[in-house]
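Open the model in your viewer and switch to cartoon view. This tour goes from stop to stop, with something to select at each one.

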Amino acid sequence: SVSVFERAGGLRLRGLAATCDFTLGSVLLAVPRAAILSDASIHQQILDLVAETMETSPHDDSGFLSARDVALATGLLHERSLGRKSRFSEHIASLPQGTNTPHNLPRWDEVQLNALAAVLWDVTVRRRFLADAVASVVVADPDLFGRPTEEDCAWALAIVISRQVHGRLIPLLDQANHDPEPNSELSCDQHGCRLKALRSGTNGEELTISYGNKPDLHLLLAYGFSLPNGNNASALSLDLGTSAGSNDIATAVAACGGSRLPLDQTAPWALHGATLTCLQEKTNRCTLLEALRTGCRQLSRRLAPPQSDGASYLSRAMGRPEPTVALAALNDRQSSQQAMDAALSHALRRELQTVER
């Protein structure tokens, strides 16, 4: 069942509660495929409009904010416009509305987007592109979607990004909150989705899942929250495979997780311990240090190129703001989103400090 749970600082969150005692491996909740809104159940006319607008398959889920997200968002708008005639009406009625909608990336204002662009410029570009894509699909046949407003479109994208699981909007299961040490796990197959217990528990206990070891910045983008104690995962990565200029490093990097290696915000060499151990086993220390130095220098120049450098003019022409200016604008303003502004500022500063270190 859905219940309200207390969090630190007096925060109250809706979440899933067990309705009886349970044991390891128990199926706590099962949702059949017919009740799940996904790209497999969206009206074909909508899929065709998405394919035409984005010039790619509406089932394409490559990368953060994909064509499938646009298909889900516009499919959600269509089903909402049907009211009680939609077989998903009860689920849609349970979704947060208005001020209860997650304040995640689709609902960020220009000051927040500008601050984000100082570190993850490509994500802000992608966000604007997908918002335009949703609007273009809706404009192609407004009546099919109930003539939604710009705020309606932002709501649909916010719901999709915060609640989808592998391209599915799942009733009840989408109420499960994140916990780094969850008591249950979610799995799906061709028959539907289910929640299984990872340990024993009691009646009334909150049922939680892990959203993954995501950087705080990614949690803010997708869900509109960050962890109270943060984590060490960075949203930035080093491209050692192409920056090092060494075949030995390129081979070692490929064997240790691919060319792009996520940074660690507290590790001595700014790489995750297992990744660093793997690299040290594949190449010598001096070669690795030189590759890391080159990679960090390139990342630093990309984020904040010297003002006299040609890259600085190119960055400004592309709309990439200077980090200190963008963060100052975020910190100095008075807005109704001060909590989000503070969390975003903290996450962005940690990213920049990691690169500087």
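Which residue of β9 does H178 stand opposite? Select H178 and look across to β9: the residue there is I209. Keep in mind that this is a predicted model.

**Stop 1: the β6 and β9 pair**

N177 stands opposite T208 in β9. β6 and β9, residues 206-209, pair in the parallel sense, over two bridges.

**Stop 2: the other neighbour of β9**

Select β2, residues 12-17. Two bridges join β2 to β9, and these strands run antiparallel. L16 stands opposite L207 in β9.

**Stop 3: the whole sheet**

Show four strands together. They form an open sheet in the order β1-β2-β9-β6, with mixed pairing. The edges are β1 (2-6) and β6 (177-178), and each of these pairs on one side only.

**Stop 4**

**Stop 5: a pocket**

Move to the second largest pocket. Its volume is about 370 Å³. Select P106, R127, A131, E150 and A154: of the 17 lining residues, these lie nearest the centre of the pocket. Next, colour α5 (121-140) and α6 (150-163). Each helix supplies at least two residues of the lining. Which element gives the most to this lining? It is α5, with seven residues. Colour the lining by class, and you get 11 nonpolar, one polar and five charged residues.

**Stop 6: helix α14**

Select residues 338-356, which form α14.

Now show the side chains of α14. The buried residues are M340, D341, L344, S345, A347, L348, R350, E351, L352, T354 and V355. An α-helix has 3.6 residues a turn, so residues three or four places apart point the same way.

What do the buried residues of α14 pack against? Bring up the helices α4 (110-117), α7 (216-223), α11 (285-303) and α13 (323-332), then the strands β10 (233-239) and β11 (260-264). The buried residues of α14 pack against these elements.

Definitions and conventions:
Residues are numbered from 1 along each chain as its sequence is written. This is a predicted model: local features need pLDDT of at least 70, side-chain atom pairs count only at pLDDT 80 or more; totals for chains, interfaces and linings use all residues. Side-chain values use heavy atoms; hydrogens and water are left out. Two strands pair if DSSP finds at least two bridges between them. On a 1 Å grid over the protein atoms alone, a cavity is a set of points where a 1.4 Å probe fits but cannot get out, and a pocket is an open set with protein on both sides within 12 Å along at least five of seven lines; lining residues have an atom within 4 Å of a point. Grid points are joined across faces, edges and corners, and a volume is the space filled by probe spheres set on the points. Ala, Val, Leu, Ile, Met, Phe, Trp, Tyr, Cys and Pro count as nonpolar, Asp, Glu, Lys and Arg as charged, and the others, Gly among them, as polar. The expected span of a helix is 1.5 Å times one less than its number of residues. Buried means under 20% relative accessible area, exposed over 50%, partly exposed in between (1.4 Å probe, protein chains only). Contact means heavy atoms within 4.5 Å.
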